[in-house]
Amino acid sequence: MNTVKAQKSFSNKKLSVAGLKAAFNILDKWGCSAEQAQAILRMKRATYFKLKGDPAGANLDADQLSRISMLLNIHQALRIVFENPENQYGFMRMKNHNPYFSGRTPMEVIEGGEFTKLYETFKRVDALRGGLV
C-alpha cells in the first residue's frame, strides 16, 4: 500500500471511531432505541452492538460517515438554538407542527433510516438557528 493510501485509510479510521463515539452518545441522549440507531446509522444489528461495545473497531463507509455528519450537525444546531440540555436533547422527541414534520417528532421522521429524511430534518433544525432552508 502506498503512503497516500495508508494515510487516507488511517484518517478514515480515526474519523470513523471519533464520529461513531459522538453519534452513539447523541443518539443515547436523544432516547433512541437500538433499532432506531441501527436504522439511522445504517448498521446491521450485530455490527451495531459490536461497535457500541468497542468503537475502536469501526471502519465506516462514506454513507455512514455522512449520516454521522448529519447527526453531529443537528446536535450542533440544537446546542446553538437551545441553552438548556433538556431542550437540546429533548427536541428530537417533541411533536413539531411545522409543515415538514406535520405533528410528528423529528425522531419519528428519521427513525426509518432514509438519508433524505435525515438531511431534511437537519435543514429544518438548522433553520431554527438562522440557517436557510
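A: What follows is a look at helix 2, with a short note on one residue elsewhere in the chain.

The model is predicted. Mean pLDDT for the protein is 90, and 89% of its residues reach 70 or more. Confidence is highest in helix 2, at 98, and lowest in helix 1 (residues 3-29), where the mean is 78.

Helix 2 covers residues 34-41. Six of its eight residues are buried, so helix 2 is largely enclosed by the rest of the structure. The buried residues are Ala34, Gln36, Ala37, Gln38, Ile40 and Leu41. Buried here means under 20% relative accessible area.

On the helix 2 side, Ala39, Ile40 and Leu41 take part in the contact. They meet Gln64, Arg67, Ile68 and Leu71 in helix 4. By class, this contact has five nonpolar residues, one polar and one charged.

Just after helix 2 comes Arg42, which takes a positive phi of about 55°.

The residue elsewhere is Gln88, in helix 5 (residues 85-90). Gln88 counts as buried because its relative accessibility is 7%. Leaving aside residues up to four places away in sequence, Gln88 touches Trp30, Leu78, Arg79, Phe82 and Glu83.

Terms used:
Residues numbered from 1 in each chain as written. Predicted model: local features only at pLDDT ≥ 70, side-chain atom pairs only at ≥ 80, totals over all residues. Heavy atoms only, no water. Axes fitted to C-alpha atoms, helices over the stretch in contact; angles between N-to-C directions. Helix = DSSP H or I, 4+ residues; strand = E, 2+ residues; numbered from the N terminus. Contact = heavy atoms within 4.5 Å. Nonpolar A, V, L, I, M, F, W, Y, C, P; charged D, E, K, R; others polar. Buried < 20%, exposed > 50% of the residue type's maximum accessible area, 1.4 Å probe, protein only. pLDDT = per-residue confidence, 0-100.
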